[in-house]
Amino acid sequence: MKIFNYEITKIKPEPSIKKVILDKAEVNAESGVIQAKLELRQHTLLLEQIEVIPSEEEGKESESEREYRLTKEAVERDKKSINNWETQLRAINYERNY
């Protein structure tokens with residue numbers, strides 16, 4: 001549009017830096033949730049497959065007991081990781097609506 005020999009054009013606003021950062025953080029958190037859920041499924045399936053054979057020596061854990069314990073710890077760690085990523089997604093949604 002021209003007014004008094006000056007060209008007037010509408011400039012589209014750039015997306016805010018906050019929005020760009022929140023979008024990237026959201027994508028990262030969503031992929032983190034998916035990855036953590038996949039690892040939880042894998043460790044849960046492994047836990048079901050482990051056959052625990054007690055140790056013959058008293059006070060010492062067998063290899064299968066150790067494997068079972070470590071896999072069980074991995075399941076707990078995965079649950080905490082899922083909770084962490086979901087909390088991050090809630091925080092991002094809160095920041096967007098604030």
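Which residues are linked with Lys19 in a network of salt bridges? I looked this up before anything else. Lys19, Asp23, Glu26 and Arg96 are linked in such a network. For a salt bridge I took a side-chain nitrogen of Lys or Arg within 4 Å of a carboxyl oxygen of Asp or Glu.

**Basis.** I am working from a predicted model, in which local features need pLDDT of at least 70, side-chain atom pairs count only at pLDDT 80 or more, and totals for chains, interfaces and linings use all residues. Residues are numbered from 1 along each chain as its sequence is written, and side-chain values use heavy atoms, with hydrogens and water left out.

**Helix α1.** I checked the length of α1, residues 17-49. Helices here are DSSP runs of H or I with at least four residues, numbered from the N terminus. The expected span is 1.5 Å times one less than the number of residues. For the 33 residues of α1 that gives 48 Å, and the end C-alpha atoms are 48 Å apart, which agrees.

I found Gln42 partly exposed, at a relative accessible area of 46%.

**Salt bridges.** The structure holds seven.

- Asp23 pairs with Arg96, the closest N and O atoms being 2.3 Å apart. Asp23 lies in helix α1 and Arg96 in helix α2, so the pair ties together parts that are 73 residues apart in sequence. Asp23 is partly exposed at 26% relative accessibility, and Arg96 is partly exposed at 32%.
- Arg69 meets Glu61 in a salt bridge at 2.9 Å, N to O. Arg69 is partly exposed at 34%, and Glu61 is partly exposed at 38%.
- Lys79 pairs with Glu76, with the closest N and O atoms 3.9 Å apart. Both lie in helix α2, three residues apart, about one turn of the helix. Lys79 is partly exposed at 43%, and Glu76 is partly exposed at 41%.

Conventions:
Helices (H or I, at least four residues) and strands (E, at least two) are DSSP runs, numbered from the N terminus. Buried means under 20% relative accessible area, exposed over 50%, partly exposed in between (1.4 Å probe, protein chains only).
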